[in-house]
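Subject: Handover of a structure and the findings on it

Dear colleague,

Please find below the structure that I am handing over to you.

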Amino acid sequence: MPFPNLPGAPAPAHAAPASPTVPLGDQIERLVNGGPQAWAPLLAGLLHALINLAIGAGILVVTLWVARWASRLAREALARLHGRSAPDAVLAGFLASLVRYTVVVIGGIAVLQQIGVQTTSVLAVLGAASLAIGLALQGGLSNVAAGVMILLLRPYRIGDRVKIADVVGRVHGLDLFVTRLHDLQNSVVFIPNSKALGEVVVNYSMLEVRRIDMDFGIDYDDDEDLALALLIEIAKADPRIVADPPPWAKVTALKDSSVTVTLRAWTSPAGYRDTQFDLIKAVKQRFQAAGLSFPYPHQVAVTQREFTPPDQARQEAELSSLSAAAKAEAGVVKGRSRGARSTGSTSEAKGPTG
């Protein structure tokens, strides 16, 4: 095999020189003066682009229609899963939105591919941006995750009376970030979903009935059987108290100045507080009409006497008037006087003799 660059070797065959780049002005002049043959490639490319745009527009229209149909189908499927009961409006809206946006994203990727956009690069950029946004919004994303769990587990719904994070109120809003409560003072309280999911949630509206517990104190001399019978009668006379479970009344405590009788009755969660307050008023009126009394709490008043110094002279006189036997039995030193009390005994003052 002959080697290049050696004496006597044939010259290698060179590739054809590349065609020089035609300036833009010359291209426009060639298109203008070249006739139909010069316009044919441009028209073919333009027609191809229009066809791709038309197909992409068709895919977009079909995508929007499918997204609307899929969201409606998701709502109907959720309603069939719940049976006769009405599905949660928040859960239905969240599921429908999730299905709709998922279909729209898939259709958008198909449209970009049809018109010639490299979707791989776009998805890579979106993935990096999503990672950066996720690191910057960790707290917000935790609320979103907690909101999804609340929507799936449904510990409470819109309209329920609940206790969340020591706040008692009615749920008036629930989204992916916060739960909105109207408390008993009609103040709007926003609770982050992450805190709502991490705290103990008490739902007062989930069950059909709720129990009322009330304690009343009567005097020890009153008839406790009469008090219990009156409690049962008062509870049954209220139409808001359900018959099953029946009202319950017992003696539950013996206190310092009263006997405690307790009434337990069941009512609807909607009128719980009004029913409780009306029963308290009815019990007070009925007990007083029947002669039963509510004992007042006993209070002990402690008074302090004015300080007066002790009468030492009188005490010495009383001591002197006692008999010698009484003094000896009590261990009183003979002949003790006021001076001896302050300076010591006479023998101690003089010391030993001799």
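Predicted model: local features only at pLDDT ≥ 70, side-chain atom pairs only at ≥ 80, totals over all residues.

The three-stranded sheet

One of the sheets is open and has three strands, in the order β6-β8-β7, paired in the antiparallel sense. Its edge strands are β6, residues 210-218, and β7, residues 248-254, each of which pairs on one side only. On average, neighbouring strands in this sheet are turned by 25° against each other, direction ignored. Between β6 and β8, the latter covering residues 259-267, the antiparallel pairing extends over nine bridges. Within that pairing, Phe216 has Val261 of β8 as its bridge partner.

Two helices lie across strands of this sheet. Helix α7, residues 224-237, lies across β6, β7 and β8 and runs at about 140° to β7. Helix α8, residues 272-289, lies across β6 and β8, and its direction is at about 25° to β6.

Helix α8 in detail

Does the length of α8 agree or disagree with what its residue count leads one to expect? It agrees: at 1.5 Å a residue, the 18 residues of α8 should span 26 Å, and the end C-alpha atoms are 26 Å apart.

The buried residues of this helix are Tyr272, Thr275, Gln276, Leu279, Val283 and Phe287. They cover an arc of only 95° around the axis, and therefore lie on the same side of α8. These buried residues pack against β6, α7 and β8. On the other side of α8, Asp274, Lys281 and Ala289 are exposed. Just after the helix comes Gly291, which has a positive phi of about 90°.

The aromatic rings

How many aromatic pairs are there? The count comes to two. Phe287 and Phe294 form a stacked pair, with 5.7 Å from centre to centre and 20° between the planes. The pair counts as stacked because its planes are under 30 degrees apart. Ring pairs join Phe216, Phe287 and Phe294 into a cluster.

Phe287 has a relative accessibility of 0% and so counts as buried. Phe294, at 28% relative accessibility, counts as partly exposed.

The five-stranded sheet

The other sheet is also open; it consists of five strands in the order β4-β3-β2-β1-β5, with antiparallel pairing. At its edges stand β4, residues 188-192, and β5, residues 201-203; each has a single partner strand, so one side of each is left without a neighbour in the sheet. Neighbouring strands here are turned by 40° against each other on average, direction ignored. The antiparallel pairing of β1 with β5 takes in three bridges. Val162 stands opposite Asn203, which belongs to β5.

Residues in the loops

Ser258 lies in the loop between β7 and β8. Is Ser258 buried or exposed? Its relative accessibility is 11%, and because buried means under 20%, Ser258 counts as buried. Leaving aside residues up to four places away in sequence, Ser258 touches Gly217, Ile218, Tyr220 and Pro295.

Pro245 is placed in the loop between α7 and β7. The peptide bond leading from Asp244 to Pro245 is cis, with omega near 5°.

Arg154 has its place in the loop between α5, residues 138-153, and β1, residues 161-164. Its phi is near 55°, a positive value in a residue other than glycine. With 25% relative accessibility, Arg154 counts as partly exposed.

Asp166 is located in the loop between β1 and β2, the latter covering residues 167-174. The phi of Asp166 is near 65°, again positive in a residue other than glycine. Asp166 is exposed, since its relative accessible area is 71% and exposed means over 50%.

With kind regards

Notes: Residues numbered from 1 in each chain as written. Heavy atoms only, no water. Pairing = 2+ DSSP bridges. Helix = DSSP H or I, 4+ residues; strand = E, 2+ residues; numbered from the N terminus. Axes fitted to C-alpha atoms, helices over the stretch in contact; angles between N-to-C directions. Contact = heavy atoms within 4.5 Å. Buried < 20%, exposed > 50% of the residue type's maximum accessible area, 1.4 Å probe, protein only. Expected span 1.5 Å × (residues − 1). Arc of directions from axis to C-beta. Phe/Tyr/Trp six-rings, centres within 6.5 Å; stacked < 30°, edge-to-face > 60°.
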